[in-house]
Amino acid sequence: MNAALLTRQEIVNALISALEPLEFVNAMWEGGSAAFNRLDQWSDIDLQFDVAEDKVEETFQAIQATLEKLSPIDLLYRTPALPWPGIFQIFYRLSNASPYLLIDTAVIQHSAPDKLLDEPLHGKAVFYFDKTGVAQLPPFDWDALHERLAKRLVSLRTTFDLYQCMVTKEVFRQNPLDALMFYQGMTLRPLVEVLRIRYSPARHAFGIHYAYIDLPGEVAKRLEELYFVRDLEDIGRKREQAEGWFYETLEAIREI
């Protein structure tokens, strides 16, 4: 008989027990689905650790040693440089856990300017320990966000208009793959961004991911209909629909 698979809580508890006593580990918290209270059987484990500047590798060693006591590590992947300075990431998949229960660990230097804790973007982090007040953040700067978004909208309006010919010319050329690529990138991507700016401005750059959570249900359903196309004729027709919706949304944002 196979041994029972490890649970989320068993993995998290083991890491808390191993990492909290370490002097150089300041805080440990969970983000992802846990931060939005949306855990289900397919959720991975998004763990972050705030650590002393020179203790990134030692922290990863402690994490790996702890996981290896629970289970053989089936797969390990260290991501290349991340866009956030001072944050380093390794994924672990355990042999004795569900393949969906990936352990996504981010080790964050204490001086990192962005610890991915802003609640409007990343949800309310679940802290397991916090020795130095990492969780105490200044209020989210909505004014600065709105200023950035106003500039972004000017750019989106210009580039959307500029690039629609990239879609239509590939339709005229009867190149379905090229037409689909440009339709998704030059028509739907900016449409999704302006919809996010209207309905979920803090997460405006998240693309289609989390659309069912961040956007009204009828908006997500309408996007589904635009994303799933049958042929070149359908791309041409739905591109026109998306274009109309894009400009309608810009006008609605301007009226807010």
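Modeller: Gladly! Contact here means heavy atoms within 4.5 Å. The model is predicted, so local features need pLDDT of at least 70 and side-chain atom pairs count only at pLDDT 80 or more, while totals for chains, interfaces and linings use all residues. Residues are numbered from 1 along each chain as its sequence is written, and side-chain values use heavy atoms, with hydrogens and water left out.

Let's start at Lys238, which sits in helix α8 (helices are DSSP runs of H or I with at least four residues, strands runs of E with at least two, numbered from the N terminus). Lys238 counts as buried because its relative accessibility is 12% (buried is under 20%, exposed over 50%, partly exposed in between, with a 1.4 Å probe and protein chains only). Setting aside residues up to four places away in sequence, Lys238 touches Tyr183, Glu225, Leu226, Phe228 and Val229.

Two of those partners lead us to the next pair of helices. Tyr183 belongs to α5 and Leu226 to α7, and both take part where these helices meet. On the α5 side, Tyr183 is joined by Leu188, Arg189, Leu191, Val192, Leu195 and Tyr199, and on the α7 side Leu226 is joined by Val219, Leu223 and Tyr227. By class, this contact has ten nonpolar residues, no polar ones and one charged (nonpolar: Ala, Val, Leu, Ile, Met, Phe, Trp, Tyr, Cys, Pro; charged: Asp, Glu, Lys, Arg; polar: the others, Gly among them). Helix α7 covers residues 217–227, and its axis lies 12 Å from that of α5 at an angle of about 175° (axes are fitted to C-alpha atoms over the stretch in contact, and angles run from 0 to 180 degrees between N-to-C directions). The two helices are therefore roughly antiparallel (over 145 degrees; under 35 is roughly parallel, 65 to 115 roughly perpendicular, the rest oblique).

Helix α5 itself deserves a moment. Its 24 residues, 176–199, reach 32 Å from first C-alpha to last, close to the 34 Å expected at 1.5 Å a residue (1.5 Å times one less than the number of residues). There is a kink of about 35° at Leu188, shortly before Pro190 (the angle between axes fitted to the seven residues ending there and the seven starting there).

From α4 come Leu153, Leu156, Arg157, Phe160, Asp161, Gln164, Val167, Thr168, Glu170 and Val171, and from α8 Leu232, Ile235, Arg239, Ala242, Glu243, Phe246, Tyr247, Leu250, Glu251 and Ile253. Twelve of the residues in this contact are nonpolar, two are polar and six are charged.

Stepping back, the chain has eight helices and six strands, in the order α-β-β-α-β-β-β-α-β-α-α-α-α-α from the N terminus. Its C-alpha trace spans about 60 × 50 × 30 Å along the principal axes. Of the 256 residues, 41% are buried. Among contacts between residues at least 6 apart in sequence, 61% join residues at least 24 apart.
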